[in-house]
Amino acid sequence: MRIVSLLPSATEILFLLGLGDQVVGVSHECDYPAEAASRPALVRPAVDPTLPSAELDRQVSARLATGQGLYVLDEARLADLAPDLVVTQALCDVCAVRHDEVLEASARLPSRPTVVSLLPSNLADVMGDIRRVAEATGRVQAAERVVAGLEARIDAVRQRVAGADRPVTAAIEWLDPIMIGGHWVPEQVAIAGGTDPLGRVGAPSAKVEWQAVVDARPEVLVLMPCGFDRERTTREAAAISSRPGFADLPAVRAGRVFAVNGHAYFNRPGPRLIDGIELLAHLLHPERVPWPAGLPASAGGPLAVRSGS
């Protein structure tokens with residue numbers, strides 16, 4: 001089977017199921033595992049992703065408001081690869097090529113590929129998507145082993161944090177404007193032993209006024225901007241640390257502001273969300289949960305910030 005994955009999380013699923021040698025094309029963001037980056041990239045961004053948060057949000061909003069996509073699909077290269085299966089998503093136009101565009105492009109291919117569209121809104125959906133990809137590729141038994149292993153890790157975290165205090169935790173998925181974590185992120189926080197007063201499980205990430213964060217009085221503040229690694233989050237932290245009342249937040253006073261690798265462990269609905277849960281559990285309850293085995297130091301850690309920094 002010749003497989004094209006237009007979604008980083010789908011690429012991670014395919015490789016985890018042992019299908020990496022059948023993946024012939026990916027998106028420009030498919031960088032895990034490292035081998036995935038060696039495949040031809042069929043997508044490029046229409047907006048410069050290195051722009052500061054506020055300007056990037058402005059350009060993204062302007063394009064979406066006028067019906068323009070945020071990504072360009074290389075249809076000629078897609079045709080050359082002649083895929084049997086294309087894996088894409090129907091969840092978010094900000095995250096990947098528009099669903100309708102993929103369907104239309106696939107329908108024009110001589111190879112007439114099957115299109116599997118993923119639409120996860122919570123952790124159960126992510127597990128379901130692993131099974132859906134497996135069903136389309138003949139890897140059902142492998143998927144059951146993978147899902148069982150991921151669910152066992154979730155249960156292990158729940159057991160470790162059982163009975164512990166649950167600090168009020170604000171998960172910030174964009175810095176300027178402020179967006180709170182949505183979909184599976186509130187679940188990640190809850191499983192890790194925190195209380196998220198802002199996010200709603202299964203609901204999309206949403207823009208909120210900064211005052212909503214101040215009023216929540218978070219005891220832990222986790223910065224996980226969509227598409228940012230920890231280094232970039234640290235560079236752009238002034239977008240939030242310079243806001244009124246930041247220095248008075250309980251999280252700041254306690255030194256419990258963390259920058260994490262959002263695009264690896266929180267933004268992509270794939271297997272590494274479980275790494276994110278384990279990381280969060282360590283940040284929230286270091287006395288109960290050790291640093292996750294195999295996770296690099298760049299995954300996340302304290303952010304040295306002060307008002308106006």
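I began with the term I needed for the sheets: two strands pair if DSSP finds at least two bridges between them. Helices (H or I, at least four residues) and strands (E, at least two) are DSSP runs, numbered from the N terminus.

I noted that this is a predicted model, in which local features need pLDDT of at least 70, side-chain atom pairs count only at pLDDT 80 or more, and totals for chains, interfaces and linings use all residues. Residues are numbered from 1 along each chain as its sequence is written, and side-chain values use heavy atoms, with hydrogens and water left out.

**Entry 1: the six-stranded sheet**

I looked up strand 11 and its partner. Strand 11 covers residues 257–260 and runs antiparallel to strand 12, with three bridges joining the two. Across this pairing, Phe-258 stands opposite Pro-302 in strand 12. I then traced the whole sheet, which is open, has six strands in the order 9-8-7-10-11-12 and shows mixed pairing. Its edge strands are strand 9 (206–207) and strand 12 (300–302), each pairing on one side only.

For contact I used heavy atoms within 4.5 Å; axes are lines fitted to C-alpha atoms, for helices over the stretch in contact, and angles run from 0 to 180 degrees between N-to-C directions. Helix 13 (residues 273–284) lies across strand 7 (169–174), strand 10 (220–223), strand 11 and strand 12. Helix 13 runs at about 160 degrees to strand 11.

**Entry 2: His-285**

I found His-285 in the loop between helix 13 and strand 12. Is His-285 buried or exposed? Buried means under 20% relative accessible area, exposed over 50%, and partly exposed in between (1.4 Å probe, protein chains only). His-285 has a relative accessible area of 3%, so it is buried. Not counting residues up to four places away in sequence, His-285 touches Val-161, Ala-164, Asp-165, Pro-167, Ala-192 and Gly-193. I also took one distance: the C-alpha atoms of His-285 and Ser-61 are separated by 37 Å, and these residues are 224 apart along the chain.

**Entry 3: rings**

I counted aromatic pairs, meaning rings of Phe, Tyr and Trp (its six-membered ring) with centres within 6.5 Å; planes under 30 degrees apart count as stacked, over 60 as edge-to-face and the rest as tilted. The structure holds two such pairs. One of them is tilted and joins Trp-174 and Phe-228, at 5.2 Å centre to centre with 55 degrees between the planes. Trp-174 is in strand 7 and Phe-228 in the loop between strand 10 and helix 9 (230–235), so the pair ties together parts 54 residues apart in sequence. Trp-174 counts as buried at 9% relative accessibility, and Phe-228 is buried at 2%.

I then looked for charges over rings, where NZ of Lys or CZ of Arg is within 6 Å of the ring centre and within 35 degrees of the ring normal. Arg-272 lies over the face of Tyr-32, 3.8 Å from the ring centre. The charged end of Arg-272 also sits over the ring of Tyr-265, 5.5 Å from its centre.

Strand 1 (residues 3–5) is joined to strand 2 by two bridges, and Ile-3 stands opposite Val-23 in strand 2.

**Entry 4: helix 1**

How many residues of helix 1 are buried? Eight of its nine are, and helix 1 is mostly covered. The cover over these buried residues includes strand 1, strand 2, strand 5, strand 6 and helix 5. Ser-9 is in helix 1 (residues 8–16) and counts as buried at 2% relative accessibility. Leaving aside neighbours within four places in sequence, Ser-9 is in contact with Arg-268, Pro-269, Gly-270 and Pro-271. After helix 1 comes Gly-18, with a positive phi near 85 degrees.
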